[in-house]
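Here is a short briefing on one structure. Keep the view open as you read, and find each residue as it comes up.

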Amino acid sequence: MKRVLLLGSPNSGKSSLFNRLTGLSQRVANYPGITVDVASGPMASLPDIELVDFPGTYSLEPISGEEAIAVNFLNEALADDNVSHVLCVADTTRLEKCMHFILQVIRECQHHQKPVTVLANMSDVIRDNQLTFDPVGLSDALGVPVIPVSARDSQGFAPIIECVADGATAQNTTDRNWREAPNEILRGTAQQLAAKFSPKGDVLINSQLRLDRFFLSTALGGLAFFFIMFLFFQSIFTWSAPVMDAVESLVSGLGQLVVPLIPNQIIADFVADALFGGVGAFLVFVPQIFVLTLVIGVMEDSGYLARAALICHRPLRVFGLTGKSFIPLLSGVACAIPAIYAARSVDSPRQRMMTYLAIPLMPCSARLPVYALLIATFIPKDTGLFGLVGWQGLALFCIYFFGMLVALLVTGLVSKASKNKQTEQPFVLELPPYRLPTAKPLLRNAWNRCQQFVTQAGKIILAVTMVVWVLGYFPNGGADLGQSWLGTLGHIVEPVFAPLGLDWRYGIAILTSFLAREVFVGTLGTIFGIEGSDENMLPLVDHIQASGLPLGSGIALLVFFAVALQCVSTVVILAREGSTRLALSMLLSYLVGAYLLSLMAFQIVSLLF
Amino acid sequence: MNNAPAAKALWDLRPGEAATVTGFGDKLPVSYQGRVMEFGFQPGALVHCLLNPGFGAPRVYSICNSVFSLDKEVAAAVFVAVSSPVEAES
């Protein structure tokens with residue numbers, strides 16, 4: 001299959017073009033370097049041609065690990081005979097920023113004898129602002145075709161398809177040869193070409209400046225930041241609550257409908273306890289993952305995240321991090337794995353290492369089902385402050401804040417212990433124009449994230465709940481859980497968790513959660529399902545409340561899950577991106593830290609209440 | 001009377017002030033010097049200081065229709081010649 005490479009600098013609209021050209025749901029982010037993985041898909045109009053979306057990079061002279069990966073990958077791809085064409089996306093409104101990169105790409109393509117076409121994106125902005133742009137003149141100067149396009153309204157796509165389909169029209173337009181041009185010459189030429197061909201006039205800066213004066217002002221900007229973060233956490237509970245209730249009713253209703261139809265008692269018990277009790281309990285929390293991903297996507301695509309990185313830069317420096325760590329850390333609120341990949345955009349190896357240390361402590365979406373379950377168990381659904389603040393949302397904000405605080409304390413302490421200023425890198429960040437996010441790719445991305453979450457975590461949860469059910473059901477047919485194989489195993493590990501006020505059932509759930517945190521919910525659902533026999537269709541929250549779990553133990557569980565590194569996938573990715581030693585030492589130290597902190601929390605809460 | 005533009009570091013520009021890039025200091029790593037030049041901070045280019053968020057946070061500059069945030073380490077190593085008086089922030 002022939003492949004076409006799509007290259008471009010961050011914020012040039014490359015990912016939007018990719019979406020339009022393939023109809024795929026590639027992430028569209030408005031922050032430099034967000035495209036860490038390489039996406040690909042057949043072109044919608046040319047299904048025989050695969051379009052490959054490269055990570056955005058400002059230059060082929062990398063200064064960050066992320067850029068180095070992109071450049072190495074590009075060099076390998078250009079040497080591939082199946083690569084038939086290269087499309088280089090440029091933001092026409094800001095040609096100065098892109099021109100050097102365009103010339104570097106043309107030079108590399110000429111080295112590898114690959115045809116290259118420049119896609120001058122944002123032609124709609126040029127048209128709307130009544131500016132002029134000369135694609136023919138630029139094409140003559142560069143020696144390659146230049147096609148004005150608009151990812152927003154799909155303008156100029158027919159010439160792209162023609163160009164890609166027909167190699168003849170993709171030949172160089174003039175005999176300009178950049179093959180031997182050194183970087184200094186390219187840089188000077190880029191400056192001259194940009195000065196000659198850039199549309200004259202202020203396109204977006206004035207409107208952007210008005211918003212930046214608010215969002216980046218010393219007092220109001222900080223307040224806005226905290227307000228946006230507070231709304232972010234409130235929305236996770238309040239917006240998803242109706243859908244969560246609906247899913248819960250659906251799972252429960254479906255269970256009550258299906259289970260009586262199963263003639264075999266053992267199979268009926270299995271379906272009720274393991275499937276509806278275990279996996280069903282986990283599915284209830286998927287709407288929260290959807291809202292979480294959606295809200296992060298809105299912040300990214302609107303351009304606010306880059307401002308948040310700027311606001312956080314100075315405070316994060318105190319803790320050995322950088323403003324560029326903010327995006328991986330916030331991504332870590334969704335999932336640690338893409339966050340660890342996103343940390344490649346942190347230029348300094350030392351600050352990248354600090355970011356690795358902090359990411360697993362960020363309250364990821366896998367923790368959310370556990371937090372939501374425990375909060376729903378102990379905190380009423382009421383609201384306060386004239387209905388503006390939900391107590392459950394506030395509790396979630398507090399536990400999220402606790403995780404972040406621990407992350408900063410850890411990086412701060414490690415940073416102080418290994419201070420070496422020479423390894424820190426300067427902070428240079430493009431602030432993309434504010435844009436109204438497009439709903440469709442955001443919703444599709446949130447949907448994909450949920451699908452990924454359900455299929456990946458769901459498999460583990462199903463496997464674990466099956467094992468837990470078999471161990472809990474036999475040898476006495478679920479008659480006495482305490483005398484089952486699971487009960488025997490649970491009583492062996494019980495002394496470890498007894499100081500936290502947790503009985504063996506919670507001990508088993510914690511042990512299984514080391515595969516993935518959310519397994520805790522599925523395991524508890526299965527255990528209480530077996531134990532509850534005829535009332536096993538009750539929501540898990542009701543089971544936990546009926547079990548008499550003390551408040552101190554609930555808080556201890558929250559603290560334990562906030563700190564412990566219970567995710568096999570995260571440990572593996574940490575080992576791959578950092579080192580095996582780093583991953584194992586983090587696993588061990590966070591586990592010990594989690595246990596000690598939760599023990600302290602249990603003792604303090606038990607004394608107070 | 002000396003009419004030559006006053007030379008200073010980019011970091012010393014106040015919001016609303018414009019200046020022309022004249023060169024780079026030695027303290028900026030070569031890779032970063034190359035990167036900011038690729039962004040348009042070339043000798044002769046006109047740069048505007050847009051915002052100073054305060055508390056030592058990176059400052060915001062516009063150059064060639066793009067907006068960048070630079071911390072002190074970078075902005076103090078970019079030398080500029082002031083070409084316009086301070087315009088009041090509107």
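Start in chain B, where Tyr61(B) stands opposite Phe68(B), a residue of strand β5(B). Keep in mind that this is a predicted model. From that pair of residues, the briefing moves out to the sheet, then to chain B as a whole, then to the aromatic rings.

**The strands around this spot**
- Strand β4 of chain B covers residues 59-63, and strand β5 of chain B covers residues 66-70.
- These two strands run antiparallel, and 5 bridges join them.

**The sheet**
- β4(B) and β5(B) belong to an open sheet of 7 strands.
- Its order is β9(A)-β5(B)-β4(B)-β3(B)-β2(B)-β6(B)-β1(B), with antiparallel pairing.
- Which strands sit at the edges? They are β9 (428-430) of chain A and β1 (7-9) of chain B, and each pairs on one side only.
- From one strand to the next, the twist averages 40 degrees.

**Chain B as a whole**
- Chain B holds 6 strands and 2 helices.
- Along the sequence, the pattern reads β-β-α-β-β-β-α-β.
- Chain B has 90 residues, and 59% of them are buried.
- Take the contacts in chain B with a separation of 6 or more: 67% of them join residues 24 or more positions apart.

**Charges over rings**
- In chain B, Arg59(B) lies over the face of Trp11(B), 3.8 Å from the ring centre.
- In chain A, the charged end of Arg307(A) sits over the ring of Tyr434(A), at 4.0 Å from its centre.

**Aromatic rings**
- Over all chains, the structure holds 20 aromatic pairs.
- One of these pairs is formed by Tyr506(A) and Phe528(A). Their centres are 6.3 Å apart, with 65 degrees between the planes.
- Why is this pair called edge-to-face? The angle is 65 degrees, and planes over 60 degrees apart count as edge-to-face.
- The pair links distant parts of chain A: Tyr506(A) is in helix α21 (residues 504-512), Phe528(A) is in helix α22 (residues 519-532), and they are 22 residues apart.
- Is Tyr506(A) buried or exposed? Tyr506(A) counts as buried because its relative accessibility is 2%, and buried means under 20%.
- Phe528(A) is also at 2% relative accessibility, so it counts as buried.
- Elsewhere in chain A, one aromatic cluster is made up of Phe270(A), Trp469(A), Tyr473(A), Phe474(A) and Trp485(A).

Conventions. Residues numbered from 1 in each chain as written. Chains lettered and ligands numbered in written order. Predicted model: local features only at pLDDT ≥ 70, side-chain atom pairs only at ≥ 80, totals over all residues. Heavy atoms only, no water. Phe/Tyr/Trp six-rings, centres within 6.5 Å; stacked < 30°, edge-to-face > 60°. Helix = DSSP H or I, 4+ residues; strand = E, 2+ residues; numbered from the N terminus. Buried < 20%, exposed > 50% of the residue type's maximum accessible area, 1.4 Å probe, protein only. Lys NZ or Arg CZ within 6 Å of the ring centre and 35° of its normal. Contact = heavy atoms within 4.5 Å. Pairing = 2+ DSSP bridges. Axes fitted to C-alpha atoms, helices over the stretch in contact; angles between N-to-C directions.
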